[in-house]
Amino acid sequence: MNLVCLLAILIICIGRSTEGASRPAVVNIGAMFAVSTINGGVSKIAIKAAEEDVNADPSILSGTKFSVSIHDSNYSGFLSIIGALNYMESDTVAIIGPQTSVMAHIISHLANELHVPLLSFTALDPTLSSLQYPYFLQTAPNDQFQMNAVGDMVSYFGWKEVVALFTDDDQSRNGVTALGDKLAEKMHKISYKAVLPPDPTATRDQVKTELVKIQIMESRVIVLHTFSKTGLLVFDVAKELGMMESGYVWIATAWLSTVLDSTSPLPQKTKDSIEGALTLRPHTPDSKGKRAFISRWKKLSNGTRGLNPYALYAYDTVWIIAHAVNLLLDQGGTISFSNHASIPRYGGGIMNLSALSIFNGGKQLLENILQTNTTGLTGPLAFHSDRSLVNPSYDIINIIENGYQQIGYWSNSSGLSVVPPETAPNWSSSNQHLDAVVWPGGKTDKPRGWVFPNNGKQLIIGVPDRVSYRDFVSRQNGTDIAKGYCIDIFRAAIKLLPYAVPHRFELFGDGHKNPSYYDLVSNIASGKFDAAVGDIAIVANRTKIVDFTQPYIESGLVVVAPVRGSDARAWAFLKPFSPLMWGVTAAFFLIVGSVLWVLEHRLNDDFRGPPRKQIGTILWFSFSTMFFAHRENTVSLLGRMVLIIWLFIILIINSSYTASLTSMLTVQQLSSPITGIDTLISSFEPIGFQVGSFAENYLIEELNIPKSRLVPLGSPEEYANALKERTVAAVVDERPYIELFLSDNCMFSIRGPEFTKSGWGFAFPRDSPLAIDMSTAILTLSENGELQQIHDKWLSRKACASQTSDVESDQLQLQSFWGVFLIVGTACFIALVIHFSLAFRQYLRRSPEDDHHSDLEPSGHGSTSSGSTATPRLTFLSFIDEKKDQSKDNKSKRKREEIMGKSSNWHEKEDVSRNVSTSKRVQVNKSEISHISDNDTWLTR
């Protein structure tokens, strides 16, 4: 028994000894910052506070001391490397830092080799990827998200171009690259990149040189991506140069918000220099823990530094490492290191490289960090599969005269919003909103975001020096002044812009022939012209090198050819209807006539008689309704209904035929063998085109017409002579030119429809914001009617009668009338169904006595002998052939005879009866003969 107790005590002691060995007394963590910087200073305070809180929490690390040592890199990359090596020689399990992305790229290689996790909340270069640097983690949103926010802001305010001003280091350079990618997604761009020396080495002269370059450029939207010292210097110089006045837009990245949060109070000069700027601040949601830490901050910092979000990220980073280390120890891991086999052993010296060793638990510690799922001062702490933090978001701040105001938020899930990201709906284009902004200069109206380059230098606008169709654009006689339809539209549009556009026209061409319009727009791309105004067609090859405004007139290529008067032909009266229309119309005449005969046959004597007569009646009645000349009356209700509908349809058909025939005989009197572009291509005859027009390239490249068939023509007079002399079979040109040409040349005509669709517009350099504003102005001109007034002033002409459509287009097709034929067909069908249904019902209700009286006329009392055979029942075909009114007349006759017989003298009754009997016997004999005949010729009834 004593032996058992002794063994139990020994096992417990060994277990406790093992537990104590698995949990070290101290866990070493390193941190590297430039303590004199804003972020370095607040991070040092927050890290030390987190270290105290971790060690004071008995639920974590179970008595193991959590020790964080801070190395001051003092802006030096060399000292940062030395600090990292020192940490890795001293059994450090993780390092917080470095502060800059430049050092992160270098030290991450050491971390990869020695398996020491490297966590930074300030080295936010988006190119520090997990594939290249698996042991490097960013514990704050990287600059990819910050640049997404800036890109969404630029798009929200509608600016097309921005200038990027940044320091020449990895983080700033790669951040601007990410901004360019985001802007490109939204059809915006960075028009110029101004580079400054790395922070904090930039001098005032260097900054001034770059700002002067920006000052003479077109864009007035400047994105400043740098660090606090250089950034404040940029704003100070910009204020001096007048670049913080109305019209400018400044968007600073998160460095400016750290200055606002951590430097208080700001010098008045600094306040004045940044007024009107926008900046971003990493968003940290409100929480009880955050409020408690804020209340502690003044005591922790002794009032030397204000709290900014990066202090909160520093605090949370310490706790992330502490939880991961605690989990590592709970999993049975140990804090142990082993020698690196590839590091040579050097003896002596200050840097003992042999002391660098691999952290054996580094891989597991890294996995524990990536599996973090908790809540810290900055909100939820967790990582996506790409190792970025969940829910990246920013506050958007506008600096005003007395401080700053928050105008909204940005988050990766909801975009721009005026409500916190925690409650904002998912992204949609309709819920992107920000509050009002006070811009530089104190204005609240959104700046245009651009000016004319070189501070208001006059725009040089190229104008084609035309020698033909001078109503569109031309040189005023003896001067260099341009005039015409296109010039008037441009001037009217310029007047509608909310700003002045200094400009002058410069004529393009030699004045002897029309210039090449492709060369004209090419001079815009080359920089010779700032814009081009004239009759410039918007076609594909031109849109590749310039931007066009909204078209101010529709255009398209058409074919014009000589026409001759067409002789009236003998069968011209058949032209109004297509052959199918004629056939269907004739068929319906016969169908309606037959239906009316069926409906009227039992009731109407006009529709009875011998077969030949009835066929003639059907044909006569059918076609006489065309002229409303039918003489037969309709007595049945169904027949009248069908006839009324049919007469209405006839009225429609007659009216349409008359109108179409009249149009063909009185209006369209011209014809030509050329009916459109298709017949022109297949004719192999010469084709004329206007010199300088895009029509030549289109005919060759798109329609594959040999160049040998094309004849250049320079004026309307040359058009007319070439067409009259048959030098060309037709001319291909844009509709506005052709309409002007035909107003004076009525012996020619447009043949066929337009075979291209385009318009004329004003040309500007690619991505020019002036093109957008001018498009808006042109739409305004169209809406207020001024565009039409200018058109009437220059281009209003009397059109020739030849500018009408072809005969074929006036021919009426069945598609235009299928609805009316459907109506009459349906009416006929319904009427027949009702008619036969009623007839069949009467047939079923017919008694044998009625059948007997149908075959034999009644003969009074005892008219048939008791030995006679019963008469067979009538067939349905015989029944419907029978005239309906005959049986009713016979019954009425018998009733009248009975009444007359009762009122006669009793003494005369027998004589009358004998006479009646004799008469009826004669009638019976006649009826029998008639019945025999009816079996073969039932239609005679």
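Colleague: Is cysteine 486 buried or exposed?
Modeller: Cysteine 486 is buried, with a relative accessible area of 0%. Keep in mind that this is a predicted model.

Colleague: And cysteine 828, buried or exposed?
Modeller: Cysteine 828 is buried too, and its relative accessible area is 4%.

Colleague: How many disulfides does the count come to?
Modeller: The count comes to zero disulfides. For background, a disulfide is a covalent bond between the sulfur atoms of two cysteines.

Colleague: OK, zooming out. What share of the protein do buried residues make up?
Modeller: Buried residues make up 48% of the 941 residues. The secondary structure comes to 32 helices and 33 strands.

Colleague: Let's pick a helix. How many residues are there in α12?
Modeller: Helix α12 covers residues 309-330, which is 22 residues. From its first C-alpha to its last it reaches 32 Å, close to the 32 Å expected at 1.5 Å a residue.

Colleague: How many of the residues of α12 are buried?
Modeller: 19 of the 22 are buried, so α12 is largely enclosed by the rest of the structure.

Colleague: What caps the N-terminal end of α12?
Modeller: Asparagine 308 does that, with a side-chain oxygen 2.8 Å from the backbone nitrogen of tyrosine 310. After the helix comes glycine 332, whose phi is positive, near 90°.

Colleague: Now strands. How many residues of β10 are buried?
Modeller: Five of the five residues of β10 (residues 278-282) are buried, so this strand is largely enclosed by the rest of the structure.

Colleague: Which residues point which way from β10?
Modeller: Leu278, Leu280 and Pro282 point one way, while Thr279 and Arg281 point the other way, and all are buried.

Colleague: Which strands does β10 pair with?
Modeller: One of them is β9 (residues 249-252), which runs parallel to β10 and is joined to it by two bridges. There, isoleucine 251 has leucine 278 as its bridge partner. β10 also pairs with β15 (residues 393-400), in the antiparallel sense over five bridges. Leucine 280 stands opposite isoleucine 396 in that pair.

Colleague: What's the strand order in the open sheet with parallel pairing?
Modeller: That sheet has five strands in the order β2-β1-β3-β4-β5. β2 (65-72) and β5 (136-138) stand at the edges with a single partner strand each, so one side of each is left without a neighbour in the sheet. Neighbouring strands are turned by 25° against each other on average, direction ignored.

Colleague: How many bridges join β1 to β2?
Modeller: Eight bridges join β1 (residues 26-33) to β2. Among the residues involved, alanine 31 has isoleucine 70 in β2 as its bridge partner.

Colleague: Which strands does helix α2 lie across?
Modeller: Helix α2 (residues 38-56) lies across β1, β2 and β3 (92-96), and runs at about 170° to β2.

Colleague: What about the open sheet with mixed pairing, what's its order?
Modeller: Its five strands go β29-β28-β30-β25-β31. The edge strands are β29 (710-713) and β31 (748-750), and each pairs on one side only. Neighbouring strands here are turned by 30° against each other on average, direction ignored.

Colleague: Which helix packs on that sheet?
Modeller: Helix α24 (residues 735-742) does, touching β25, β28 (687-690), β30 and β31. Its direction makes about 125° with that of β30.

Colleague: And how many bridges are there between β25 and β30?
Modeller: Four, with β25 (residues 557-562) and β30 (residues 730-734) paired in the antiparallel sense. Valine 559 has valine 732 as its bridge partner in β30.

Terms used. Residues numbered from 1 in each chain as written. Predicted model: local features only at pLDDT ≥ 70, side-chain atom pairs only at ≥ 80, totals over all residues. Heavy atoms only, no water. Pairing = 2+ DSSP bridges. Axes fitted to C-alpha atoms, helices over the stretch in contact; angles between N-to-C directions. Contact = heavy atoms within 4.5 Å. Disulfide = S-S within 2.5 Å. Buried < 20%, exposed > 50% of the residue type's maximum accessible area, 1.4 Å probe, protein only. Expected span 1.5 Å × (residues − 1). Polar contact = N/O pair within 3.5 Å; in protein donor to acceptor, adjacent residues only side chain to side chain.
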